[in-house]
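Work through these exercises with the structure open. Each task is followed by a solution in steps.

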Amino acid sequence: MTTETATDLFEAHRPVLLGVAYRMLGRVADAEDVVQEAWLRWSGADRAHVREPRGYLVRITTRLAIDRLRQIKSRGETYVGPWLPEPYVTDFGDTVADTAERAVLADSVSLAVLVVLESLSPLERAVFVLREAFGFPYADIAAMLDRGEAAVRQLAGRARKHVEERRPRYRVDPAQRRDLTERFLAAAAEGDLDGLLALLAPDVRLVGDSGGKARAPLRVLESADKVGRFVIGAARKGAQDFTVRFLEVNGGPAALVLAGGEPDAVFQLDVADGRVQAVYVVRNPDKLRALTEV
């Protein structure tokens, strides 16, 4: 295998590798670092006996991501306020033609699911990501992780049960989410509390991630009244020179709010039965840097 061929193969599989690493870590910069390290190992490896490059590269990436995740957890860092994954711009384009496969990939990278994955052990998270998001056979996952197949099946079952017990049960058409997002932001900008409350489910939740570096609730807000009043108040105190761009983030429509041309917040809604069930707001500037050039 020539160096040029090895480079082409790696680049062809880069989206999958980045997808695995991001789902494992919930941080774009960490995922990119892991993929770069995977490239260094791939470029320096003896590739003469590599029969299946995709599996080989996913194995390297997964192990590096597990090591990185263990390092993060061992540091025991205290995060200020609720934690959300770093917004990840997703565009499956023509790489995922099948509607069912696209839906699985989008769901596995959603903010709500990634929050649940944070509570899994690194091994459970790896098995869940490889099996549920990318459909690797148990035997292949066992080889990647140097575990027996029976042990991998047990990890998969435990992880799946944990996620299913905590993940949202609703599914909604992306067009409806986009429509409700536009109406939500319009009502907030106009100070229309009644209009906003009409969009919110009675038990709606707002999760704001600031990391203590921007203004956002330091606890999860629950109930339409609390969420509505907070959103209206925040809009009134916000910057006047803001613009909104819509893009696909973590598998669903989201709004990127720019203040003075710089990313200020990302809003994403979970919707069911025509009402907003959850509002996710990312304002931590460290998690918005990657959106500067979007």
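**Exercise 1.** Which residues of α6 and α8 meet in this predicted model, and how do the two helices cross?

*Solution.* 
- Start with α6: Leu123, Glu124, Val127, Phe128, Arg131 and Glu132 make the contact.
- Their counterparts in α8 are Val152, Leu155, Ala156, Arg158, Ala159, Arg160 and Val163.
- Sort this contact by class: 8 residues are nonpolar, none is polar and 5 are charged.
- Now take the axes of α6 (residues 122-133) and α8 (residues 149-166): they come within 8 Å and cross at roughly 85°.
- Angles of 65 to 115 degrees count as roughly perpendicular, so α6 is roughly perpendicular to α8.

**Exercise 2.** Find the order of the strands in the open sheet of 6 strands. Which strands stand at the edges?

*Solution.* 
- Read across the sheet: β2-β1-β6-β5-β4-β3, with mixed pairing.
- β2 (221-222) and β3 each have a single partner strand, so one side of each lacks a neighbour in the sheet.
- These two are therefore the edge strands.
- Then place helix α9 (residues 174-190): it packs on the sheet and touches β1, β3, β4, β5 and β6.
- The direction of α9 makes about 125° with that of β5.

**Exercise 3.** Trace the pairing of β4 with β3 and with β5.

*Solution.* 
- β3 (residues 242-249) and β4 (residues 252-259) run antiparallel, joined by 8 bridges.
- The β3 and β4 hairpin has 2 residues between its strands, and Asn250 takes a positive phi near 50°.
- β4 also runs antiparallel to β5 (residues 262-272), through 5 bridges.
- Here Ala255 has Phe267 in β5 as its bridge partner.

Note on methods. Residues are numbered from 1 along each chain as its sequence is written. This is a predicted model: local features need pLDDT of at least 70, side-chain atom pairs count only at pLDDT 80 or more; totals for chains, interfaces and linings use all residues. Side-chain values use heavy atoms; hydrogens and water are left out. Two strands pair if DSSP finds at least two bridges between them. Helices (H or I, at least four residues) and strands (E, at least two) are DSSP runs, numbered from the N terminus. Axes are lines fitted to C-alpha atoms, for helices over the stretch in contact, and angles run from 0 to 180 degrees between N-to-C directions. Angles under 35 degrees count as roughly parallel, over 145 as roughly antiparallel, 65 to 115 as roughly perpendicular and the rest as oblique. Contact means heavy atoms within 4.5 Å. Ala, Val, Leu, Ile, Met, Phe, Trp, Tyr, Cys and Pro count as nonpolar, Asp, Glu, Lys and Arg as charged, and the others, Gly among them, as polar.
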